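Subject: Structure handover

Hello,

The structure we discussed is below. My notes on it follow.

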Amino acid sequence: MRGLLIGLAVVLLLLQWPLWLGEGSWRDVRDLREQVEEQRAANAELEQRNQALEAEVLDLRTGTDAVEERARRDLGMIREDEIFFFVVGEDDDRRPVPEPLPDPARDVSPGPAEIPDREREPATDTLPPEDPFDG
């Protein structure tokens, strides 16, 4: 009788081993549930980001206000009738410093005196061929 009880106890321990310590145990199930919750939280954040991007795309497609706002914020652009004031502060590292555009009245291309002789094209008396698609 004593051997039967010991045998049953060993069989019970062998059956309980995978439940507590083996693959698919309670500990593994708990870890998987935590991973699922973390993934759900990450998915919720990405879903909010996607919704914000969809709204921005829709706004960019339908109106010019969003394009103007982006140009002002990201590129530092201003309108012709506005005056740009750069306020020095703590957040000046975040904003790009806009570079001034060339004045349209001023020619920024190099003149013929500034082009080296080896880069100049030889002068020809012939006209360039006409464009066959030009009507």
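Helix α1 covers residues 2–20, and its length checks out: at 1.5 Å a residue, its 19 residues should span 27 Å, and the end C-alpha atoms are 26 Å apart, which agrees. The expected span is 1.5 Å times one less than the number of residues. Zero of the 19 residues of α1 are buried, so the helix lies largely in the open. Buried here means under 20% relative accessible area, exposed means over 50%, and partly exposed is in between (1.4 Å probe, protein chains only).

Before the rest, the ground rules. This is a predicted model, in which local features need pLDDT of at least 70 and side-chain atom pairs count only at pLDDT 80 or more, while totals for chains, interfaces and linings use all residues. Residues are numbered from 1 along each chain as its sequence is written, and side-chain values use heavy atoms, with hydrogens and water left out.

Overall picture:

The protein has three helices and zero strands, in the order α-α-α along the sequence. Helices (H or I, at least four residues) and strands (E, at least two) are DSSP runs, numbered from the N terminus. Of the 135 residues, 4% are buried. The accessible surface comes to about 13,600 Å², with 57% of that belonging to carbon and sulfur atoms. These areas come from the Shrake-Rupley method with a 1.4 Å probe; for residues, only the protein chains shown count as cover.

Salt bridges:

The count is seven. The rule asks for a side-chain nitrogen of Lys or Arg within 4 Å of a carboxyl oxygen of Asp or Glu.

One of them joins Arg30 and Asp31, with N to O at 3.9 Å. Arg30 is partly exposed at 47% relative accessible area. Asp31 is partly exposed too, at 33%.

Which residues does Glu68 pair with? One partner is Arg72, with the closest N and O atoms 3.2 Å apart. Both lie in helix α3 (residues 65–75), four residues apart, about one turn of the helix. Residues three or four places apart in an α-helix point the same way, because there are 3.6 residues a turn. Glu68 has 26% relative accessible area and is partly exposed. Arg72 is partly exposed at 30%.

Another partner of Glu68 is Arg79, with the closest N and O atoms 2.6 Å apart. This pair links distant parts of the chain: Glu68 sits in α3 and Arg79 in the segment after α3, eleven residues apart. Arg79 is partly exposed at 46%. Through shared partners, salt bridges join Glu68, Arg72, Arg79 and Glu82 into one network.

Best wishes
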